[in-house]
Amino acid sequence: QVQLVESGGGLVQAGGSLRLSCLASGIAFRMMSMGWYRQAPGKQRELVAVVSSGRITIYADSVKGRFAISRDDTKNTVYLQMNSLKPEDTAVYYCNALYVATMTSSPRFPWGQGTQVTVSS
């Protein structure tokens with residue numbers, strides 16, 4: 001049974017930082033590309049960061065230079081370090097495995113509960 005459990009969200013002031021974690025179980029984690037998505041109120045879910053099984057990383061332009069995705073295959077966990085946060089980063093953040101390590105890939109598994117990030121101005 002696949003489980004994706006996100007954590008680490010919270011309320012932070014603009015310019016602050018947060019580190020999100022996603023623990024994956026029931027999947028061949030080390031063989032998969034992983035991604036972080038976010039969904040703001042009234043908007044579609046968007047992919048913001050990708051890390052391949054070989055640790056190649058790709059970012060959406062909106063977060064490039066501020067966010068960093070990483071993975072620990074010994075813990076089946078993918079991380080998202082978010083710095084210089086802006087109010088427009090406010091969203092529910094989700095992780096998922098990807099079919100390919102590109103910004104246009106579809107997610108592979110059902111979604112977890114996500115973790116709320118709120119950035120105040």
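Colleague: What makes the side chains of Lys64 and Asp61 a salt bridge?

Modeller: In this predicted model, the nitrogen of Lys64 and the oxygen of Asp61 are 3.0 Å apart. The cut-off for a salt bridge is 4 Å, so the pair qualifies.

Colleague: And why is Asp61 called exposed?

Modeller: Asp61 has a relative accessibility of 66%. Exposed means over 50%, so Asp61 counts as exposed.

Colleague: How many salt bridges does the rule give?

Modeller: The count comes to six salt bridges. Among them is the one between Arg38 and Glu46, with 2.8 Å from N to O. Salt bridges with shared partners also join Arg38, Glu46, Arg66 and Asp89 into one network.

Colleague: Why is Arg38 called buried?

Modeller: The relative accessibility of Arg38 is 7%, and buried means under 20%, so Arg38 counts as buried.

Colleague: Let's turn to the rings. Why is the pair of Tyr37 and Trp111 called edge-to-face?

Modeller: The ring centres are 4.9 Å apart, within the 6.5 Å needed for a pair. The planes stand at 85°, and over 60 degrees counts as edge-to-face, so that is the name this pair gets.

Colleague: What makes it a link between distant parts of the chain?

Modeller: Tyr37 belongs to strand β4, whereas Trp111 lies in the loop between β9 and β10, 74 residues apart. Tyr37 is buried, at 6%, and Trp111 is partly exposed, at 32%.

Colleague: Which aromatic pair does Tyr94 form with Trp111, stacked or edge-to-face?

Modeller: Edge-to-face: the centres are 5.6 Å apart and the planes are 65° apart, which is over 60 degrees. Tyr94 is in strand β9, 17 residues from Trp111. With 11% relative accessible area, Tyr94 is buried. Tyr37, Tyr94 and Trp111 together form one aromatic cluster.

Colleague: What lies over the face of Tyr94?

Modeller: Arg45 does, at 4.1 Å from the ring centre, within the 6 Å limit. Arg71 is placed likewise over the face of Phe29, at 4.7 Å from the ring centre.

Colleague: How do you know that a disulfide joins Cys22 to Cys95?

Modeller: The S to S distance is 1.7 Å, and the cut-off is 2.5 Å, so the two cysteines count as a disulfide. The structure holds one disulfide.

Colleague: Why do you say that this pair ties together parts of the chain?

Modeller: Cys22 is in strand β3 and Cys95 in strand β9, so the joined parts are 73 residues apart in sequence. Cys22 and Cys95 are both buried.

Note on methods:
Residues are numbered from 1 along each chain as its sequence is written. This is a predicted model: local features need pLDDT of at least 70, side-chain atom pairs count only at pLDDT 80 or more; totals for chains, interfaces and linings use all residues. Side-chain values use heavy atoms; hydrogens and water are left out. Rings of Phe, Tyr and Trp (its six-membered ring) pair if their centres lie within 6.5 Å; planes under 30 degrees apart count as stacked, over 60 as edge-to-face and the rest as tilted. Helices (H or I, at least four residues) and strands (E, at least two) are DSSP runs, numbered from the N terminus. Buried means under 20% relative accessible area, exposed over 50%, partly exposed in between (1.4 Å probe, protein chains only). A charge sits over a ring if NZ of Lys or CZ of Arg is within 6 Å of the ring centre and within 35 degrees of the ring normal.
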